[in-house]
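Colleague: I would like to go through this model and ask what stands behind each label. Please set the values against the cut-offs as we go.

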Amino acid sequence: MTEKLNPQESQLFIDDRWVADSIRMQRCFHQPRRYPEPLLRADRPWEENACIAYGTILYRDGCFHLWYTNWSRLLPMLVCYARSEDGIHFEKPELGIHEFNGSTKNNICMKAPAPGRVDCISVIEDAEDSEWPLKAIYWQNAPGCHGLWAARSRDGIHWDQQPGYILPGWSDRNNAMPARVNGRFVVFARPPASADNPHRELYNSRIVHRTESEDLVHWSKPELVLKQDIEDSTDTDIYSLQAFPYESMYLGFMERHFDSPDVVDTELVFSRDTHLWQRARRRKAFLELGPEGRFDSHWVSMLSNGVIRHHHQLWCYYSGRSAAHALPYPLNHGAISLALLRPDGFASLQAGDKEGWAATPPLTWEAMELQVNLDPRRDLRAHPKRCV
């Protein structure tokens, strides 16, 4: 059977779909390279000790727009806004919307009614709604209303709390796809245990469910899509999933929590439909934890939107923390930074010292040219001009 390809989309070797046969070839998953320093640090009183990327960064109208939270044990958790023209140097504008310690001179763009808190915001670009082009799904613990909420915005700064309380009882660590999928909003999160959803009590572990909606009001029955499996260590939880469309498929950054030592890292997962998710056999972290003493030594999490293609690279924004759950304030601190990956560079097929080859199924495409993304060096650490 001949496969017909969309000539506008890259086809990745991240799974076996385009590998009909091979010999002496190995699939290798690649890690991005870190920017040497954090881009955003906690330097405002309302941020306490950490800027956390349980949020979103979007590149719109020639500018990077970042929504992040102030992970805190002492202050109410808030959503803050920052922006940058180059994606490296961010400003935290005084928005004048919400009060903190008697002043509105801050970059707080969302705040729960006292004594509540808000966390894990996903900002969605909604191309189907020109009046309200941005939607947000977030976790909020307000008086009498614990669960997921939805809001809408014209500018990403002023938020109209409509439709409001949408998924009662759902837990935090929720993430929404950065755009609609087949006309529907898609959320990956932790629903409450119920007769229709016994998984939470059955597995007694952090796991990821999927739900979808056309209108942000009516949501599908939660579907279990990711959990610890028999190849994971027994102290592993699947903490969350940040999923996003990429070329011809869907990719995801799956957070893994380990009990001992208490750390959280991120593994790359992939899907063709956002329902069935696959994992690489070697379970390598997409971005390794930093060395002891660095801000990302114990926790690495990616933003909900996935990656941004910019300056011929994939820009992968992430946040890190110097501790996970146990270490108290002020030793547990966090910041937001950046890692870079070449376009389509999540995985490749490589030969070793001996010549190898891989064959695809028969393919057809409407365009007259086929472009192949390859690196002819035998040693990928060699100088880029060295091709033998």
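**Labels and cut-offs**

Modeller: A search of the whole structure finds 16 aromatic pairs. Rings of Phe, Tyr and Trp (its six-membered ring) pair if their centres lie within 6.5 Å; planes under 30 degrees apart count as stacked, over 60 as edge-to-face and the rest as tilted. This is a predicted model, where local features need pLDDT of at least 70 and side-chain atom pairs count only at pLDDT 80 or more, while totals for chains, interfaces and linings use all residues. Residues are numbered from 1 along each chain as its sequence is written, and side-chain values use heavy atoms, with hydrogens and water left out.

Colleague: What makes the pair of phenylalanine 64 and tryptophan 315 stacked?

Modeller: The ring centres of phenylalanine 64 and tryptophan 315 are 5.9 Å apart and the planes are at 20°, so the pair is stacked. Phenylalanine 64 lies in strand β6 (residues 63–69) and tryptophan 315 in strand β24 (residues 313–321), so the pair ties together parts that are 251 residues apart in sequence. Strands (E, at least two residues) are DSSP runs, numbered from the N terminus.

Colleague: Are phenylalanine 64 and tryptophan 315 buried or exposed?

Modeller: Buried means under 20% relative accessible area, exposed over 50%, and partly exposed in between (1.4 Å probe, protein chains only). Phenylalanine 64 has 0% and is buried; tryptophan 315 has 7% and is buried too. Ring pairs also link Tyr59, Phe64, Phe90, Trp315 and Tyr317 into a cluster.

Colleague: Why is the pair of phenylalanine 188 and tryptophan 277 called edge-to-face?

Modeller: The planes of phenylalanine 188 and tryptophan 277 are at 80°, and the ring centres are 6.0 Å apart, so the pair is edge-to-face. Phenylalanine 188 is in strand β14 and tryptophan 277 in strand β20 (residues 277–279), 89 residues apart. Both residues, phenylalanine 188 and tryptophan 277, are buried.

Colleague: How do you know that the charged end of arginine 190 sits over the ring of tyrosine 239?

Modeller: A charge sits over a ring if NZ of Lys or CZ of Arg is within 6 Å of the ring centre and within 35 degrees of the ring normal. For arginine 190 and tyrosine 239 the distance to the ring centre is 4.8 Å. Arginine 321 lies over the face of tryptophan 299, at 3.8 Å from the ring centre.

Colleague: How many salt bridges does a search of the whole structure find?

Modeller: The search finds 33 salt bridges. The term needs a side-chain nitrogen of Lys or Arg within 4 Å of a carboxyl oxygen of Asp or Glu. Arginine 152 and aspartate 160 have N to O at 2.6 Å, so the pair is a salt bridge. Arginine 152 is partly exposed at 28%, and aspartate 160 is partly exposed at 26%.

Colleague: What makes arginine 184 and glutamate 212 a salt bridge?

Modeller: The N to O distance between the side chains of arginine 184 and glutamate 212 is 3.3 Å, so the pair meets the definition. Arginine 184 lies in the loop between β13 and β14 and glutamate 212 in strand β15 (residues 208–213), so the pair ties together parts that are 28 residues apart in sequence. At 29% relative accessibility, arginine 184 counts as partly exposed.

Colleague: Which residue forms a salt bridge with glutamate 267?

Modeller: The partner of glutamate 267 is arginine 256, the closest N and O atoms being 3.0 Å apart. Glutamate 267 is in strand β19 and arginine 256 in strand β18, eleven residues apart. Glutamate 267 is buried at 1%, and arginine 256 is buried at 5%. Salt bridges that share partners join Asp229, Glu231, Asp232, Arg256, Asp265, Glu267, Arg279 and Arg283 into one network.

Methods. Helix = DSSP H or I, 4+ residues; strand = E, 2+ residues; numbered from the N terminus.
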